Amino acid sequence: MVIQIFGKKNCNDSKKAVRFFKERKVDIQFVDLNKFGISKGELKAIKQKFPLEDLLDTDSKEYKKKNLQYMAYDTEELLSESPSLYKTPIVRFKNKVTLGYNPDIWEEWLKK
């Protein structure tokens, strides 16, 4: 079992997600969104579970710094250009995806 975590090293919820799985001795693959984006294939799988608009962190400092609340933009293009605008953590296991810190759901994954 390998869990994929898309997050940011400076994000508390991403750190908690990593700790959650490490404490349970589950292998993880951590993708730092400040360095790497999400591939088109990964994004396609994630979009099957969440609308693109839900993936955009409208509360982030970068979103406000860029004044995006006052602009029209293509969400997918914006996220591909600035992967740090994703809400985190995005956690994937097989065809399952969660957005944010969801230990109750992850516990269910581990039981199966």
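Trainee: In S2, which residue is the bridge partner of Val 2?

Mentor: The partner is Asp 27 in S2. Two strands count as paired if DSSP finds at least two bridges between them, and strands (E, at least two residues) and helices (H or I, at least four) are DSSP runs numbered from the N terminus. Before we go on, note that this is a predicted model, where local features need pLDDT of at least 70, side-chain atom pairs count only at pLDDT 80 or more, and totals for chains, interfaces and linings use all residues. Residues are numbered from 1 along each chain as its sequence is written, and side-chain values use heavy atoms, with hydrogens and water left out.

Trainee: In which sense do S1 and S2 pair, and over how many bridges?

Mentor: S1 and S2 run in the parallel sense, with 6 bridges. Along that pairing, Gln 4 stands opposite Gln 29 in S2. S1 also pairs with S3, in the antiparallel sense over 3 bridges, and there Phe 6 stands opposite Ile 90.

Trainee: Is S1 mostly covered or open?

Mentor: Mostly covered: 5 of its 6 residues are buried. Buried means under 20% relative accessible area, exposed means over 50%, and partly exposed lies in between (1.4 Å probe, protein chains only).

Trainee: Which hand does the β-α-β unit of S1, H1 and S2 have?

Mentor: To read the hand, let the strands point away from you; the crossover is right-handed if the path from the first strand over the helix to the second runs clockwise. The unit made by S1, H1 and S2 is right-handed.

Trainee: Which residues of H1 are buried?

Mentor: Ser 14, Ala 17, Val 18, Phe 20 and Phe 21. Seen down the axis of H1, these residues fall within an arc of 155° (taken from the directions from the helix axis to the C-beta atoms), so they line one face of the helix. That buried set packs against S1 (2-7), S2, S3 (90-93) and H6, where contact means heavy atoms within 4.5 Å. On the face turned away from the buried side sit the exposed residues Asn 12, Lys 22 and Glu 23.

Trainee: What span should H1 have, and what do its end C-alpha atoms give?

Mentor: The expected span is 1.5 Å times one less than the number of residues. For the 12 residues of H1 that comes to 16 Å, and the end C-alpha atoms are 16 Å apart, which agrees.

Trainee: How many salt bridges does a search of the whole structure find?

Mentor: It finds 7, a salt bridge being a side-chain nitrogen of Lys or Arg within 4 Å of a carboxyl oxygen of Asp or Glu. One of them joins Arg 24 and Glu 107, at 2.9 Å from N to O. Arg 24 lies in the loop between H1 (12-23) and S2 (27-32) and Glu 107 in H6 (103-111), so this pair ties together parts 83 residues apart in sequence. Arg 24 is partly exposed at 35% relative accessibility, and Glu 107 is partly exposed at 28%.

Trainee: Which residues are linked with Arg 24 in a network of salt bridges?

Mentor: Glu 23 and Glu 107 join Arg 24 in that network.

Trainee: Where do Glu 76 and Lys 47 lie?

Mentor: Their closest N and O atoms are 3.2 Å apart in a salt bridge. Glu 76 is in H5 (75-81) and Lys 47 in H2 (40-47), so the pair ties together parts 29 residues apart in sequence.
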